[in-house]
Amino acid sequence: MVLVQGFIWTKTADGRVIQIDPATNTIIADIKVDTATIPHHYCQGLGTDGEDIWVCSASSEADNTAIDVVRIDTETQRVIETIKIGKIFEQLDLPFLLDQIWVLTEGGSKLIGINIANNEISSMIDLGARCFQLAAAGAVLMATCPLDNLVIQINPERGEVIAQVTLQRPGYIAGNEDGIWVAQASSIVRLDPATLNPVAIFTNLPEMDSGDIFIMKEAVWVRHEGGFLYQIDPTNNQFVEQIKIDQNFAGGSVLVTSDSIWATAYDDNLLVRLSLK
């Protein structure tokens, strides 16, 4: 999910981008972006440059396995560009940095930057590993590479990997200049952004395959399959609370605004809104 110009945007598993008005809790746009003819060929991945929405699109190429990236104009609510890029299925976040949207391709072994000024590929970086998740953290990009048990740090301006750390099967990731937060099977690890050394490890979480992390100055929110939502205080590296819910929701994403927590449950076709007040 992303928040753009006061609206919530999310991607559905059946190939649509949904725009939600938080003032009324209603859907005001439903944009079909997948063109694949095979029903079970779909994709994950959503991002924004602050004005437009960038999202994966399972395309109707001859082999029906291609995944493109499309650009949606938030004013007209229409697809205005399709970039045939071969995005990997697993990448959830399409981060924006240095006027580029960043996409993992070629099985996750290469990182491509799409220039938002002309919708063309302007960067290609060999990662030296197969990586599945990506996040912007200050001036660098961070990627998790579970098959190689690595978290890697990329300098997009120099076009190279500048650091890496071994971490057992890292999953989804988020970061800023104060910390890099990485999910593992049953724990969350905080890494120092300068050294990539572990600063804190939060254990005893339920086993998870999917989820999300949203970082704020005063709180880190973890969307967790099985545990629903956890809040961590980044100032003292302590769990603050777990928000439980009566239903046993599948994994999903989390987005926090000034007054609400928004959480998806992808297998349940639900978007849940919780009040922060």
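Cys 43 and Cys 56 are both buried. They belong to a predicted model, and a disulfide joins the two, with an S to S distance of 2.2 Å. Cys 43 sits in the loop between strand 4 and strand 5, while Cys 56 is in strand 6 (residues 53-58), so this link ties together parts that are 13 residues apart in sequence.

The structure holds two disulfides, and here they are side by side:

| Disulfide | S to S | Torsion about S-S |
|---|---|---|
| Cys 43 to Cys 56 | 2.2 Å | about 100° |
| Cys 131 to Cys 145 | 2.1 Å | about 70° |

With a torsion of about 100°, the Cys 43 and Cys 56 disulfide is right-handed. The disulfide of Cys 131 and Cys 145, at about 70°, is right-handed as well. Here Cys 131 comes from the loop between strand 12 (120-126) and strand 13 (133-137) and Cys 145 from strand 14 (residues 140-145), so parts 14 residues apart in sequence get tied together. Are these two cysteines buried or exposed? Cys 131 counts as buried at 0% relative accessibility, and Cys 145 is buried at 0% too. Count the bonded cysteines in sequence order and the pairing reads 1-2, 3-4.

On to the rings. There are four aromatic pairs. One of them is Tyr 42 with Phe 89, an edge-to-face pair at 5.4 Å centre to centre and 80° between the planes. Tyr 42 is in the loop between strand 4 (26-32) and strand 5 (46-48), and Phe 89 is in the loop between strand 8 (78-83) and strand 9 (96-97), so the contact bridges 47 residues of sequence. Tyr 42 is partly exposed at 31% relative accessibility, and Phe 89 is partly exposed at 32%.

How are the rings of Trp 181 and Phe 202 arranged? Their planes are at 25°, under the 30 degrees cut-off, and their centres are 5.9 Å apart, so the pair is stacked. Trp 181 is in strand 18 (residues 179-183) and Phe 202 in strand 20 (residues 198-202), 21 residues apart. Trp 181 is buried at 2% relative accessibility, and Phe 202 is buried at 4%. Together with Tyr 230 and Phe 239, Trp 181 and Phe 202 form one aromatic cluster.

Strand 19 (residues 188-191) runs antiparallel to strand 20, joined by four bridges, and Arg 190 stands opposite Ala 200 in strand 20.

Definitions and conventions:
Residues numbered from 1 in each chain as written. Predicted model: local features only at pLDDT ≥ 70, side-chain atom pairs only at ≥ 80, totals over all residues. Heavy atoms only, no water. Phe/Tyr/Trp six-rings, centres within 6.5 Å; stacked < 30°, edge-to-face > 60°. Helix = DSSP H or I, 4+ residues; strand = E, 2+ residues; numbered from the N terminus. Buried < 20%, exposed > 50% of the residue type's maximum accessible area, 1.4 Å probe, protein only. Pairing = 2+ DSSP bridges. Disulfide = S-S within 2.5 Å.
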